[in-house]
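Hi,

Here is the structure I promised to pass on to you. Have a look at it first, and then read on for what turned up.

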Amino acid sequence: MITNTELEIKGNLFPGKIISFSQNVDKINFTTENGVILQVTILRGSVIRFRYATDNNFENDFSYAISETGVRGYSVLEVEDHNEEYVIITKKLKIHIAKANINVVIKDTADNVICKDDWGFHWEQSYEYGGNIVKMSKNAPQGECYYGLGDKPMHLNLKGKRIENWATDQYAFGKDQDPLYKSVPFYIGMHEERAYGIFFDNTFRTFFDFCHERRNVTSFWAQGGEMNYYFFYGPDMQGVVTRYTDLTGKPELPPLWALGYHQCKWSYYPESKVKEVANKFRELQIPCDAIYLDIDYMEGFRCFTWNKEYFPDPKRMVAELAEDGFKTIVIIDPGIKIDQEYGVFKEALDNDYFCKRADGPYMRGKVWPGECFFPDFTNPEVREWWAGLFKELIDEIGVKGVWNDMNEPAVMEVPGKTFPNDVRHDYDGNPCSHRKAHNIYGTQMARATYEGIKQFGYPKRPFVITRSAYSGAQRYTSSWTGDNIATWEHLWIANIQAQRMSMSGMSFTGSDIGGFAEQPTGELYARWIQLGVFHPFCRTHSSGDHGDQEPWTFGKEVIDVTRKFVELRYQLLPYLYTMFWDYVEQGIPMLKSLVLYDQEDIQTHYRTDEFIFGNQILVCPVQEPNSKGRRMYIPRGNWFNYWTREYVNGGGEQWVDADLDSIPMFIKEGAIIPKYPIQQYVGEKKIDQLTLEVYYKLGDKEVSKVYEDAEDGYDYSKGRYSLRTFTFTGKEQEIIIQQHKNGTFITDYETMEIELIGIPFVIKQIEIDNVTVVLKDVHFDPKKNTIVVPKGFTELHIEA
Ligand code: GLC
């Protein structure tokens, strides 16, 4: 028997020779002479789990990140026993495991190396805490690129960086600052246009090094827990992301109003101020669906209470706002004020729901209310209690959404800005210290909040927004990127963060538009709104200590720009909702960085600014003051400038005009973009007609979709939705649009207005379902090239 010390290099321990091998259906165990077990689980042909134990001993297998449905299924596999190695063969991969040291090489079926261990698994024993510091190192071939990892405010391509995951309250963070609020230990690697992903499901403080320490090595490690990672093969990046999202879970559809524009500030109070802001939106006709109450609505910052001086009758106020189309969203933080007179505190104390220090005292820390105790959201009983607390807010008062903040958890005026390591947590029956529970705390809070809103708001869909999150949080909540600053650099950061969150499985994210700290100029605010309306979550928020940040603060020009772009968002709601549905159904990222959109074009590998909104709209924010436009990369393929309708060929950089009232924006040729009429809030109007903007393309077919349903509630899950699939075929003298409809939902509108853009011929004849129609019967307008057709057509021919 070999002892560990014989396999030690500079304090690191390494696995020895494999001495036994066993297989149990989809799980294959390799045991080494020094008590390391590698367990390989084949979840899918291209999704493989690698889990390592030392001392022949695995921990209890428990994860908050993995969705219940994510691990279903079993794939065909075969194991070959060769002289020097074992080879596990799945439908998509060959996994080579060296008998000498359990080193792993993953190849595709054509024997291309996709991912190869360098040192592979190794570890250091931790005398101080017990257990191990677990480490993994992989070969980094020249030219490999790295993406993902949640909210990191740095270049999209992480090559050359070292990253840390430890949820942190980083007020006014800067470019490249790390760690931030979220911990998403998932990255995508790409080499020779083949992409794979690694999700290191470990909630301890984790680190990732992408060729920073050693030029040709990528590594990741954690301060405790197991080396436990999932490998996803693409080869397309989108496939990697959808597989990761499948494993860690997809959200439900949000209510459609949640995709409208939201207005927030720290803080709107008293009631008259809230009303004044709401009224101003309607007066200026800037669409808005939600208004937020930050911490000052509470009585001394006690969660689940109201300051009755500022808000004497919250139920009435919320109802009045609702009449005008505003949904009220309130903030709820985790810190519960220590106050024997305060019911929530008493209840938690009596039931032993607060986190405790190792030796027994409660975890005491200062947050907005002053000294607080904190519920242990990793305890299922606590989550259930917490969910129950929402009864009054949701069921009685009529609040429509909840904003969870400070849940890293943040503690003021202490080193590390959070709990000390020794704090104890239940971790759903796997008792542990804060070292292990820290990164998951915020997600468990958001989960409990989500359960509460769902329970009391049912059958309406819940809306939750969180600041801290770990992988899997997307099942319960949206998120924002925290306390940014009103600077041009932060506009760049917001763009990166939203894209990065999308490729990290958390599409429903946005930034504080205009910047949280400091005061934006009108120009910066306008440029930020132009970007913000293309983020899945769209909210203006500011710290309020520097002045106002409502769209009307900056004068007429900015009001007009804001209105124009918020209106555009509302027109594009059916397009945005369809993007969301794609995300919910298939885990498809709502924003696609250019590399994710076209990884075979190496020009995209280091691009940061341009992104695809959904599948067919290319957007690139203007990020500098005094700009009349900018240079940008147009991805391969052909596009129409949305504003000028000019046709452009992609695959190169171009100057694009964009004065303050414009943003570079292009539509993919062949796309059919659905639009609704402008509304001041979702549901203001009955949608009496769907507009389809059809962008001509010669040659290959292009498919576009429109998903619709009741815009709230769960009927859609019983088939009551409407999914229209349009196939566009363009010829020199003819256009064919085919429509296929799924689902039993019946939309209000009876007709569609079709606008034909870029067609190279003069329209002379139109056939609907094989019947030639009189042009004026379809309201043909030859100047605008529009026609109005019944919504139920299956095939439309438009000919010269
Ligand atoms: C934190 C949040 C911010 C909020 C403030 C007051 O700084 O990040 O959004 O407005 O607390 O609640």
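Let's begin with contacts: of those in the chain with a separation of 6 or more, 69% are between residues 24 or more positions apart. Keep in mind that this is a predicted model.

Next, the overall picture. The chain has twelve helices and 53 strands. If you follow the C-alpha trace along its principal axes, the spans are about 90 × 70 × 50 Å. Of the 800 residues, 64% are buried.

Now the aromatic rings. To describe a pair of them, you give the distance of the centres and the angle of the planes. The count here is 74 aromatic pairs. One of them is Tyr362 with Phe373, a stacked pair with 4.7 Å between the centres and 25° between the planes. Tyr362 is in the loop between helix 4 (343-350) and strand 25 (365-367), while Phe373 belongs to strand 26 (residues 370-373), eleven residues apart. Tyr362 is partly exposed at 25% relative accessibility, whereas Phe373 is buried at 7%.

Is the pair of Phe508 and Phe580 stacked or edge-to-face? These two rings are edge-to-face, at 90° between the planes and 4.9 Å centre to centre. Phe508 sits in the loop between helix 8 (488-503) and strand 33 (509-510), and Phe580 in helix 11 (residues 573-586), so this pair ties together parts 72 residues apart in sequence. Phe508 is buried, with 8% relative accessibility, and Phe580 is buried too, with 1%.

Rings can also join up in a group: ring pairs link Phe304, Tyr353, Phe374, Phe377, Trp385, Trp386, Phe390, Phe419 and Tyr441 into a cluster. Arg435 lies over the face of Tyr129, 3.7 Å from the ring centre, and the charged end of Arg214 sits over the ring of Trp119, at 5.2 Å from its centre.

On to the salt bridges. Side chains of opposite charge can pair when their charged atoms come close. This structure holds 59 salt bridges. In one of them, Glu226 meets Arg51 at 2.9 Å, N to O. Glu226 is in the loop between strand 19 (217-222) and strand 20 (227-233) and Arg51 is in strand 6 (residues 47-53), so the bridge ties together parts 175 residues apart in sequence. Glu226 is buried, at 11% relative accessible area, and so is Arg51, at 5%.

Another salt bridge joins Arg194 and Glu192 at 3.4 Å, N to O. Here Arg194 is partly exposed, at 21%, while Glu192 is exposed, at 52%.

Glu283 is exposed, at 57% relative accessibility, and Lys280 is partly exposed, at 27%. Finally, look for the network in which salt bridges with shared partners join Asp169, Asp405, Glu408, Arg467 and Asp483.

Cheers

Conventions
Residues are numbered from 1 along each chain as its sequence is written. This is a predicted model: local features need pLDDT of at least 70, side-chain atom pairs count only at pLDDT 80 or more; totals for chains, interfaces and linings use all residues. Side-chain values use heavy atoms; hydrogens and water are left out. Rings of Phe, Tyr and Trp (its six-membered ring) pair if their centres lie within 6.5 Å; planes under 30 degrees apart count as stacked, over 60 as edge-to-face and the rest as tilted. Helices (H or I, at least four residues) and strands (E, at least two) are DSSP runs, numbered from the N terminus. Buried means under 20% relative accessible area, exposed over 50%, partly exposed in between (1.4 Å probe, protein chains only). A charge sits over a ring if NZ of Lys or CZ of Arg is within 6 Å of the ring centre and within 35 degrees of the ring normal. Contact means heavy atoms within 4.5 Å. A salt bridge is a side-chain nitrogen of Lys or Arg within 4 Å of a carboxyl oxygen of Asp or Glu.
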